[in-house]
Amino acid sequence: MTGKRSALFVSVCMVPFLFQEGHAVAATAADYSGRAHPPSAVSAVRHGGAQLTSTEIASAHSSGLPKGGVIEEIEVSGNTRIETNTVLSYMVVREGDAFAQDDLDRSLKTLYATGLFKDVTLRREGNILKVRLVENPIVNRIVFEGNHAAKDEDLRKVISLRPRAVFSAESTADDRQKILEVYAQKARYAAVVTPQIVKLAHNRVDVIFQVTEGPQTLIRKIAFVGNKAFGENKLAGVVSSKETAWFRFFSSADEYNPDRLKYDAELLRHFYLNNGYVDFQVKNATGELSPDRKSFYVTFTVDEGPRYRLGKVDIRSSLRHVPAKSLRKYVELFAHQWYDGKAVQDNATDMEEILQGQGHPFAMVRPEIARNPEKGVVNLLFDVSEGPRRYIERIDVNGNTVTQDNVIRRQLPFAESDPYTPSYKKYAKAALQDLGFFKTVSIDETPGSAQDRTNVAVNVVEKPTGEFSLGGGYSTDVGVIGNIGLKQHNLLGTGVDAGLSGTMSMWQKQADFSVTDPAFLGRNMVVGLDLFGIENKYMTYQNYSESRYGLTLRMGYSYNRYLSQSWNYTLTRRNVGSVWDESSWYVIDQKGHSTLSQIGTTLMYDRRDNHMNPHSGYMVSLGGDFAGLGGNEKYVRGKANVAYYIPLDNLMNNHDWTVAFRGGVGYMADWGGGRHDIIDNFYLGGNNLRGFLDGGAGPRSVGSNPGHSAEDLIGGRFMYTASAQVNFPIPMLSDMGVKGRAFVDSGSLAGLRVRRRLTNPVTDQPDYTPVSGDTLHPRVSAGAGFSWQSPFGLLNIDLGVPVMRSHNDRTQLLRFGFGQQF
């Protein structure tokens, strides 16, 4: 090689395929809908105008080149940001190494693989290896244009490019795909994303993602193939995906989502299994994009199989001291009924929880079935056994950045060294979710230090628990309403609930401050304080106004998961004023101030599945109030309420159907010569008897002359109510959050609790003011209504028609409320 300068040249020039000749290449979200994928950004590079695969990069210009000799020096040029020593550290070859083709190829590949360089050239001149580099530019900023359905911050979360990072075509291609996936999740499969690069000085670039969102690609048609037992309309009501319709503007159910199809297939499987089709299968669930890319056609192909009835139902028990015959009373299924998978599993779960509550913490109940297709029956066996003994070794709480550990741990139904069962896991998750402090809750388990030890990890994701509300609405009770509130449901992470709110309307003003500690002193005790001020002007249906100012002290505790008791003490200063001259003698007799000092308690047994929106279960409560610990009022009041909810899932094949029965009774007796203020009486009508005005059913004064023509509602001392209601979905409106109801309400109110002999100022003689409606004759109303959880607040409308009434009862056919406080 002496006296000659031979050259070895290996070069790779990375020209972004997305931006060939300075033009951007667009792609649509439909390209990434799961059926086709774009070519990888690293699958090809250009060298001298020719396309080379990644495996061919290192072999470029490798044949027929001078070989042999030793590298005496390595010269690096073209690098402005990256140190030469850093470049040399990436290379395989070093000074003093031989000019070996494999090592040079590997050095070329490692330099390119760093993503720092757009062009890499290795050239041999004599025994000097010259490395010429062209660095990739730096990203100056990232801009999104044309995006409306997806916010900038949401798109920035999914892309990998960042300002001041090295630009690469590969990352840009990946980010374009991620943006398209975001739009695919929003059912915008016609969206087009075009990356554009703007070159700036000092080797910097602006990256602009130009988005053309296009219309939403909604589901035009849902079809079922292979169904015989149930029609398309029935099955369409089972799946969560819905065909597009004008009334679904608040719903996303008509947006195509491949993950939702998997969920729908599971919904179909459960539906058929609950109706006796044990062998049911979803063969296929597909969504086909229309040629114009404007809609999807969804098809479910199913195989129903035969329908089975229950045959023999038996129990086998290997649990110590628990014979099978002792468990037969817990079996809720019977032979010859259609097989219901949900009922079978629910029965097994109930038996398991009963056994665990009876001192068998590791009891397991597994339903086993044996098909007999010839006879069309399924024999069912409940296998009762003792599961593996597992004890909790350690409990780890993760993800709580605000909520204190002890707030979470006190909600758990277990502690270290306790037995660990699947039911505990379910109740622990439900208890934490009921707190309302977390977006997500998961209970995970990992093996402990021994075979019978388990570590439990409680993983939570916090959510904001502060609340500032400013809203309004309208109610038939108090007219136009404005409200403002400031609440913190997890004060300083302690679980303490504190809030300040105010309400103002045409006929009412109210201010409240409340604070509640759900675990006072770390014990099973709820303690709270309420300070309140209320001014009511009952001019819509009463002839006086009332104001109340006072405080309530609250305390409660639980005996177990279902039984709890609460206590309260109330001290209130009241005033009855704005009495009209036409008011009855009974109202005039109430004018002035009074003080109520009252202690009360409520014992509740609650087996409802959901306290806010019950679907099944029952609730029983017994309560009493005692007034007379000081103050002007002296009475004893007792109350009892019961509610029972029956789900109609099996009958209607829909979870939104429920029958609710409610009843209540109350009685109050006086002692010690108190004031007998009518504002403490029971009142019937409004919420507890729809179709009647608030307090409009029951005793009322009869107008008398001279000068007292008003007929005032004066309440009573004994009341009972009963109600039957069916909650149901409204076709085409369920997706908008609209739920319907039909009801029959009944009740009555009687027992005068007023001074009967009042002095007539005209005659200066004791006189009886006539009273009507003092009878236990039942009042009955029937009607229907609906609730709409609108984006602007909850709207409730009920139309109640009195069926049985007293001739002087006040009625109210239409009752509605709108606003956040309802």
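Are tyrosine 189 and phenylalanine 296 buried or exposed? Both tyrosine 189 and phenylalanine 296 are buried. Keep these two residues in mind as we walk through the structure, which is a predicted model.

A word on confidence comes first. The protein chain has an average pLDDT of 83, and 86% of the residues score at least 70. Residues 1-65 need some caution, with a pLDDT below 50. In the model, this stretch makes 138 contacts beyond near neighbours in sequence.

Now back to the rings. A pair of aromatic rings is described by the distance of the centres and the angle of the planes. Searching the whole structure turns up 23 aromatic pairs. In one of them, the ring centres of tyrosine 189 and phenylalanine 296 are 5.0 Å apart and the planes meet at 70 degrees, so this pair is edge-to-face. Tyrosine 189 sits in the loop between helix H4 (169-185) and strand S9 (192-200), while phenylalanine 296 belongs to strand S13 (residues 295-303), so the pair ties together parts 107 residues apart in sequence.

Phenylalanine 296 also pairs with tyrosine 256, and here the rings are stacked, with 3.8 Å from centre to centre and 10 degrees between the planes.

Strand S28 (617-627) and strand S29 (635-647) each give two or more residues to the patch. Leucine 603, in strand S27 (residues 592-606), is partly exposed, with a relative accessible area of 33%.

Conventions:
Residues are numbered from 1 along each chain as its sequence is written. This is a predicted model: local features need pLDDT of at least 70, side-chain atom pairs count only at pLDDT 80 or more; totals for chains, interfaces and linings use all residues. Side-chain values use heavy atoms; hydrogens and water are left out. Helices (H or I, at least four residues) and strands (E, at least two) are DSSP runs, numbered from the N terminus. Buried means under 20% relative accessible area, exposed over 50%, partly exposed in between (1.4 Å probe, protein chains only). pLDDT is the predictor's confidence in each residue, from 0 to 100. Contact means heavy atoms within 4.5 Å. Rings of Phe, Tyr and Trp (its six-membered ring) pair if their centres lie within 6.5 Å; planes under 30 degrees apart count as stacked, over 60 as edge-to-face and the rest as tilted.
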